[in-house]
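Thank you all for coming.

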Amino acid sequence: MTPLTPRDRGRRFRMFTAAGAGLLLVPLAAACGSGGSGGSGAIKIGVPAPLSGDSASAGQDILAAAKVAADEINKAGGVDGRKIQIVEADDQCSAQQGAQAAQKLLNSGVVAVAGGYCSGAAVPAIPIYGRRGVPFVMDASTNPSLTDSGKGKVFRTCGRDDNQGLVAAKFMTGPLGARRIALLHDSTTYAKGLADAAANSARRAGGQVVYENALQPGQSDYGPVLTKIASTRPDVLYFTGYFAEAGLLMKQRKQLGLKFTLMGGDATTDSTVLKTAGSAAGGYIATTAPLAKDLPAAATFVSAYKAANNADPGPFSVYEYDAVKVVAKAIDDAGSTRGAAITEALHKIKDFPGITGPITFDAKGDRTDPLYITVQVQNGAFTAYKKLDESGATWVDAKTS
């Protein structure tokens with residue numbers, strides 16, 4: 001048998017014995033099922049999302065965006081000649097299902113995960129991925145604790161709720177001129193975290209928090225909650241829960257003739273809320289990352305999404321698209337499908353040209369340039385409204401600047 005040359009050793013060959021067939025030389029990566037990105041099988045990227053339940057429209061939108069990204073990568077030749085395969089799992093926006101979805105994805109052989117929606121579903125999933133060394137790039141889960149405790153294996157293409165809460169407080173006490181502020185959440189990880197961040201920032205900005213409490217999700221009548229809030233005489237109510245309840249709050253606030261301004265967080269910008277609220281949605285303001293239609297670089301994605309789904313992309317679609325793209329870039333840069341190598345490559349990415357803007361991750365895995373703006377319902381659609389300029393002190397028109 002010819003001995004291994006230094007070049008062979010550099011390619012990490014391993015010797016295996018086959019019965020009656022002597023000694024075979026097999027690349028170590030192929031033998032182990034992970035390593036170099038070369039090979040004939042598809043590279044699997046997991047997408048956890050709420051594909052059923054109250055948040056299903058958001059989850060289906062996220063999954064659809066992931067498939068647009070994968071299709072685009074595959075048409076361009078894939079990653080080192082291998083196709084990207086999207087593997088979905090329904091986390092139902094719950095902790096229990098989030099854990100089960102994570103295990104399902106790992107059992108299916110995903111090498112990285114890009115997705116998520118509810119922070120509460122991500123909390124139990126993160127350590128499950130972490131124990132296997134599989135990196136998780138989140139597109140919509142914004143609770144700060146997720147990357148704070150992610151041990152460098154968790155990343156975001158979206159922002160954090162401490163940033164969003166600050167923007168909300170600045171808007172309420174600035175352009176809105178509010179001094180008496182009410183905060184309503186639903187006790188979920190995301191909603192409670194955003195409400196707390198907004199409350200703390202509002203107090204620092206000189207606002208008075210006159211109400212901070214939770215509603216029970218899934219109810220049909222929030223009149224008693226709204227009436228109780230109205231008794232505290234707020235200038236504005238900032239609702240940090242999800243779109244299913246937001247639409248009802250808009251409709252019932254109008255029915256009750258309440259005059260305080262109603263605002264919401266980024267989980268209230270799904271188009272479903274407009275159908276629920278009808279005309280009562282007019283003038284509604286939400287804090288959010290920029291939407292697909294307001295991002296010039298997303299025009300090609302929007303067209304591809306519409307062609308594939310016969311619908312407009314939702315609020316987190318572009319952040320999921322970028323999550324899949326940045327994972328593929330990291331796999332390509334690493335030349336490997338090993339989790340540790342992909343994670344290292346993600347940390348090294350600088351100014352990746354995402355359609356949501358250049359992407360660079362800090363040491364925790366958070367995006368270094370998170371942007372939040374406000375949008376307003378105008379003519380039956382969410383429209384870019386106001387944003388802070390680069391100084392962070394002056395509000396400007398988000399549509400033209």
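Predicted model: local features only at pLDDT ≥ 70, side-chain atom pairs only at ≥ 80, totals over all residues.

C93 and C118 form a disulfide, with their sulfur atoms 1.8 Å apart, where a disulfide is taken to be a pair of cysteine sulfur atoms within 2.5 Å. By this rule the count comes to one disulfide. Residues are numbered from 1 along each chain as its sequence is written, and side-chain values use heavy atoms, with hydrogens and water left out.

Returning to the disulfide, the link of C93 and C118 is right-handed, with 75° about the S-S bond. C93 lies in the loop between β4 (84-90) and α4 (95-108), and C118 lies in the loop between β5 (112-115) and α5 (119-131), so the pair ties together parts that are 25 residues apart in sequence. Helices and strands here are DSSP runs numbered from the N terminus, helices being H or I with at least four residues and strands being E with at least two. How accessible are the cysteines, buried or partly exposed? C93 counts as partly exposed at 22% relative accessibility, whereas C118 is buried, with a relative accessible area of 5%. Buried means under 20% relative accessible area, exposed means over 50%, and partly exposed lies in between, with a 1.4 Å probe and protein chains only. C158 is buried, with a relative accessible area of 6%.

In the loop between β4 and α4 we also find Q92, which has a positive phi of about 55° although it is not a glycine. Q92 counts as partly exposed, at 40% relative accessibility. D351 has a positive phi of about 55° too, although it is not a glycine, and is found in the loop between α14 (339-348) and β13 (352-354). D351 is exposed, with a relative accessible area of 54%.

Now to the helix pairs. Two packed helices are described by the angle between their axes and the distance between the axes. The axes are lines fitted to C-alpha atoms, for helices over the stretch in contact, and angles run from 0 to 180 degrees between N-to-C directions.

I will begin with α4 and α5, whose axes come within 7 Å and cross at roughly 35°. The crossing of α4 past α5 is right-handed, that is, the near helix is turned clockwise from the far one by less than a right angle, left-handed being the anticlockwise case. On the α4 side the contact is made by A95, G98, A99, A102, Q103, L105 and L106, and on the α5 side by G120, A121, P124, A125, I128 and Y129, contact meaning heavy atoms within 4.5 Å. By class, the contact of α4 with α5 has 10 nonpolar, three polar and no charged residues. For these classes, Ala, Val, Leu, Ile, Met, Phe, Trp, Tyr, Cys and Pro count as nonpolar, Asp, Glu, Lys and Arg as charged, and the others, Gly among them, as polar.

Next, helix α3 (residues 56-75) and helix α13 (residues 317-334) have axes that come within 8 Å and cross at roughly 40°. The two are therefore oblique to each other, a word for angles left over once those under 35 degrees are called roughly parallel, those over 145 roughly antiparallel and those from 65 to 115 roughly perpendicular. α3 passes α13 in a right-handed crossing. The residues of the contact of α3 with α13 divide into 10 nonpolar, one polar and four charged.

Helix α9 (residues 223-230) and helix α10 (residues 243-256) pack at an angle of about 65°, with their axes 10 Å apart. G223, L226 and T227 of α9 make this contact with L249, Q252, R253 and L256 of α10.

Let me close with a strand residue and the whole chain. A384 lies in strand β16 (residues 381-388) and counts as buried, at 1% relative accessibility. Leaving aside neighbours within four places in sequence, A384 is in contact with D294, I373, T374, V375, A398 and K399. The secondary structure of the protein chain comes to 14 helices and 17 strands, and of its 401 residues, 53% count as buried.
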